[in-house]
Amino acid sequence: MKKLLYVVFFVVSIVIFLYVNNHWLIVSKHVFESEKVPASFDGLRIVQVSDLHDARFGDNQQKLIAKVQATNPDYIFITGDVIDSNRYDLQQSLQAVKGLVDITDVYYVLGNHEVATNKVSEIYEALSSLGVHILANESTVLERDGERLAILGIEDPLMGATTEDMLDMATAYLPDDMFKLLLAHRPEMFRTYVKDGIDLVFSGHAHGGQIRIPGLGGLIAPGQGLFPKYTAGVYEENTTKMVVSRGLGNSSVPYRMFNLPEIIVMDLKKK
């Protein structure tokens, strides 16, 4: 009897552990401080949501939507894999998006899973009909009090173009000295973003390394292999910084460990 109780306790503990690791939403806050931030955009708050896949956070994603709303964002960036190609259910994925567009303007770039469905046009049309700003190798310029900054977005390389070419398209009509925010799904292309002189990059894709080992970081990530370099947090090289979201959901590997689902909050500050 005692052995059976130990087994039951162990199984229940594992179930609780896995549930918490995959459903306990956290908010990670960062500040980007630079002389290049236009003074009129000082204090701008961006919330990043990434890699939802088919994860669920309450009925109709209400826990996720409420968590984002509580951060009081000026803009919301979705950095790809809003759907899962292995369990494609666009209407389920759109539940979260429907709530997010009611909060503020939402900007979106696709990830590899959208491309893998071969339904990119369908996904773009559905998101656009909700009012999402789709950035497909293009940019938009925001203006406040005569000052401007650019929001850029590039598609996933699975669409057939190189990251370099997509960045060239997105920056084609922008002044070199304009402050640039980039939405790009893949963090492993960081050196390319650096080479292009992007100021701040928002990325995902790595799922935090899926399993995070204390003191070592993520275990594995697509495009980076074992013990990947870019899995979570902020990375800096030259004048470029990249924030990598651990994301919200899972794909081929169904569980996270020591790797809570994450919403990113990034505040811009004029130095």
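Good morning, colleagues. The model is a predicted one, in which local features need pLDDT of at least 70 and side-chain atom pairs count only at pLDDT 80 or more, while totals for chains, interfaces and linings use all residues. Residues are numbered from 1 along each chain as its sequence is written, and side-chain values use heavy atoms, with hydrogens and water left out.

Let me begin with the interior. By nonpolar core I mean a set of buried Ala, Val, Leu, Ile, Met, Phe, Trp, Tyr and Cys residues joined through side-chain atoms within 4.5 Å. Buried stands for under 20% relative accessible area, exposed for over 50%, and partly exposed for values in between, with a 1.4 Å probe and protein chains only. The largest such core comprises 30 residues, and L52, L64, V68, Y108 and L248 have the most contacts inside it. At least two residues each come from β2 (45–49), α2 (62–70), β3 (75–79), α3 (90–101), β4 (105–109), α5 (120–129) and β16 (262–270). These elements are DSSP runs numbered from the N terminus: helices are H or I with at least four residues, and strands are E with at least two. Apart from this core lies another, of 22 residues, including L135, L183, I264 and M266.

What does L248 contact, leaving aside its neighbours within four places in sequence? Contact here means heavy atoms within 4.5 Å. The partners of L248 are L25, V49, S50, D51, L52, A55, F57, L64, R256, P261, E262 and I263. With residues up to four places away in sequence not counted, G247 touches S50, D51, R256, P261 and E262. G247 sits in the loop between β15 (240–244) and β16, and it counts as buried, at 0% relative accessibility. Between G247 and G43 there are 204 residues of sequence separation and 24 Å in space, C-alpha to C-alpha.

I turn now to helix packing. Two packed helices are described by the angle between their axes and the distance between the axes. The axes are lines fitted to C-alpha atoms, for helices over the stretch in contact, and angles run from 0 to 180 degrees between N-to-C directions.

For α2 and α3, the packing angle is about 30° and the axes are 9 Å apart. The two helices are therefore roughly parallel to each other; that label covers angles under 35 degrees, with over 145 roughly antiparallel, 65 to 115 roughly perpendicular and the rest oblique. The crossing of α2 past α3 is right-handed, a term used if the near helix is turned clockwise from the far one by less than a right angle, anticlockwise being left-handed. In this contact, L64, I65 and V68 of α2 meet Q95, A96, G99 and L100 of α3. Its residues divide into 5 nonpolar, 2 polar and no charged. In that classification Ala, Val, Leu, Ile, Met, Phe, Trp, Tyr, Cys and Pro are nonpolar, Asp, Glu, Lys and Arg are charged, and the others, Gly among them, are polar.

How do α3 and α5 cross, and within what distance do their axes come? The axes come within 11 Å and cross at roughly 35°, and the crossing is right-handed. From α3, L90, L94 and V97 meet E122, I123, A126 and L127 of α5. By class, this contact has 6 nonpolar, no polar and 1 charged residues.

N118, in the loop between α4 (112–116) and α5, has phi near 60°, a positive value in a residue other than glycine. N118 counts as exposed, at 70% relative accessibility. D145 also has a positive phi, of about 50°, although it is not a glycine. The loop between β6 (138–144) and β7 (147–153) holds D145, which counts as exposed at 76% relative accessibility. The C-alpha atoms of D145 and F41 are separated by 9.3 Å, although these residues are 104 residues apart along the chain.

D102 lies in the loop between α3 and β4 and is exposed, with a relative accessible area of 66%. Y6 belongs to helix α1 (residues 2–23) and is exposed, at 57%. From Y6 to Y173, 167 residues apart along the chain, the C-alpha separation is 65 Å.
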